[in-house]
Each structure stands twice: as structure tokens, then as C-alpha cells.
Amino acid sequence: MPSFLWDCWPSLEIRAVLCAMGCIQSIGGKAGIFREGITVIDVKASIDPVPTSIDESSSVVLRYRTPHFRASAQVVMPPIPRKETWVVGWIQACSHMEFYNQYGEQGMSSWELPDLLEGKIEAISDSDGVNYPWYGNTTETCTIVGPTKRDSKFIISMNDNFYPSVTWAVPVSESNVARLTNIYRDQSFTTWLVATNTSTDDMIILQTLHWRMQLSIEVNPSRPLGQRARLREPIAQAQPKILSRNEPIPPSALVKPNANDAQVLMWRPKYGQPLVVIPPKHR
């Protein structure tokens, strides 16, 4: 994972000792032993203050790379008096996604999350697809195995960004002629800092973050390669919000499938029926 140069980036910051006065939510009833002891000394969240970069080096696809969302927390776990294991880490879920690629008057391709789009779930897991429900298992989590005789102090961090490829030509056409005219993307995420007992599945929510990534790229397919795309507002992303009150984690954010496995690429022509271009990996 990239290092965190917090001095170089504007960030929201909160320093607080969390206590059992509504600051910590518990899923399950046996986690109270740690409610007054788990301390979050420092939470930071930011999105790099740089614009999305656009790469037109390929004659087949346009690529873009968004700035990174970054989060970091310093946590102190009190001594664990018995033989049990606790994991502290980041859980993330996508609560909204619009991702359209317009091809002039012919139509648009759209990456969609059907259950989220239809309102069947509040949010979908953004886990790495292996270590559910965690976002990852390197810098994103810390495991403490009891019993321990002294405090455990550690930092956990995560980052996220988008780096997709979008075809210049209509994805359901055999033609290689560039028709792409616009890319629009708007996604919202909730990220939780969580402590969980692996034996009992008790879970304590320590902190809740909200962040959003918006993107609009205008494309003139008639121009030479390398001169087609132009980034439109917003150039700079809104900074994440560190909530003063925690939010519960929807059950769908803790289980399979994750967003990458559930998404489907649709072709929605201006006239005619929509087509599935790439089906979801998870059925």
C-alpha cells in the first residue's frame, strides 16, 4: 500500500477517546467488556487533492485514474484477559453507483449493481473478495490474540481509487471506430472502523466515514488520439466526512458478493432492448 503523507494532503482529522456514551455501537451483546477500554487516538481521512488523470495511449480503450481516498486510525486495545482473538480493521460498502459511458446517439454502456439499483439492499460489500467482511488484510486490519497483559497500540490504514478502461468503440459493435462521447461516474461509500471478536462474532463500531467520488469526462471521438478527452467539473473531489455519530453496518455489507463480483455491464441503446455485455461473476 502507498505510504501516507498526511502533511502533504488536506485531511479531516479527529482525536478522541471513545467511551461507552453512544460513541461505540455494538452488534451482539457480549462485547461490553471492551467498550470503555478501546481507544481511538487518531482518525484521518482524505482524498488526494489532484485531478483525475486521463490516458489515451491505447487505440482500443481510454483509461483514467482517480485520486486516492485514504484513511488511517491509531487504536489502543486494552489487555485481553482470556484466550480469544480480536480483529480491528476497515470495512467498506458502496451505497450508490452511477457509471455511464455515452456513445453519442447510439446509446450508452452502464456498469450496474442490480440489487443496489433496485433497492433490495442498502449497500454492497466493497471487500477485496477474499477476506470478508474486511476491505483487505495487510495494512487494513490488525489481529490481537489473547490473553495479553498490556495495551496493544497499532495503526491501520487503507486506500481506494478507480483505474478502469473504457472502449473507444461501442462495446457490442464489431466496428473499431471511436464513438465514445462522455464518461460519467458518481459513487458513494461508507467506511467503518470496527473491532470484532472472532470467537463470538461480537462487533464494535469505532468510527464511521462517508466519502464520494464524482467524475465527468467529455470526449470528442473525431479528434486525434491523445487529444480527445477533457476532464470536466468537479476537478477536485469533496473531502471525506468523519461522522460524529456512528451508523450501523447493513448486513449486506458484511457478506458475499462484493461490488466487483456483483456488477454487470449493460448496453442500453437509444432504440431497442438493453443487452448484457458482461454478466456478474457472482450469481
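1. Contact here means heavy atoms within 4.5 Å. The model is predicted: local features need pLDDT of at least 70, side-chain atom pairs count only at pLDDT 80 or more, and totals for chains, interfaces and linings use all residues. Numbering runs from 1 along each chain as its sequence is written, and side-chain values use heavy atoms, with hydrogens and water left out.

2. Start with Ser-109. This residue sits in strand β8 (residues 107–112); strands are DSSP runs of E, at least two residues, and helices are runs of H or I, at least four, numbered from the N terminus. Ser-109 counts as buried because its relative accessibility is 3%, where buried means under 20% relative accessible area (1.4 Å probe, protein chains only). Beyond its neighbours within four places in sequence, Ser-109 touches Phe-99, Tyr-100, Asn-101, Tyr-103, Pro-171, Leu-265, Met-266 and Trp-267.

3. Now the chain as a whole. It has two helices and 18 strands. Of its 283 residues, 49% are buried. Among contacts with a separation of 6 or more, 75% join residues 24 or more positions apart.

4. The largest nonpolar core holds 54 residues. A nonpolar core is a set of buried Ala, Val, Leu, Ile, Met, Phe, Trp, Tyr and Cys residues joined through side-chain atoms within 4.5 Å. Val-88, Ile-183 and Leu-193 have the most contacts inside the largest core. Strand β14 (residues 203–219) gives the largest share of this core, eight residues. A second, separate core has eleven residues, including Trp-134 and Ile-205.

5. The largest pocket contains about 490 Å³ of space. A pocket is an open set of points on a 1 Å grid over the protein atoms alone, where a 1.4 Å probe fits, with protein on both sides within 12 Å along at least five of seven lines; lining residues have an atom within 4 Å of a point. The lining has 22 residues, and Asn-161, Phe-162, Arg-185, Asn-260 and Gln-263 are the closest to the pocket's centre. Strand β13 supplies the largest share, three residues. By class, the lining has ten nonpolar, eight polar and four charged residues.

6. The second largest pocket contains about 230 Å³. Its lining has 13 residues; Asp-115, Ile-124, Pro-257, Ala-262 and His-282 lie nearest its centre. Helix α1 (residues 114–117) gives the most to this lining, with three residues.

Methods
Buried < 20%, exposed > 50% of the residue type's maximum accessible area, 1.4 Å probe, protein only. Points joined across faces, edges and corners; volume = space filled by probe spheres on them. Nonpolar A, V, L, I, M, F, W, Y, C, P; charged D, E, K, R; others polar.
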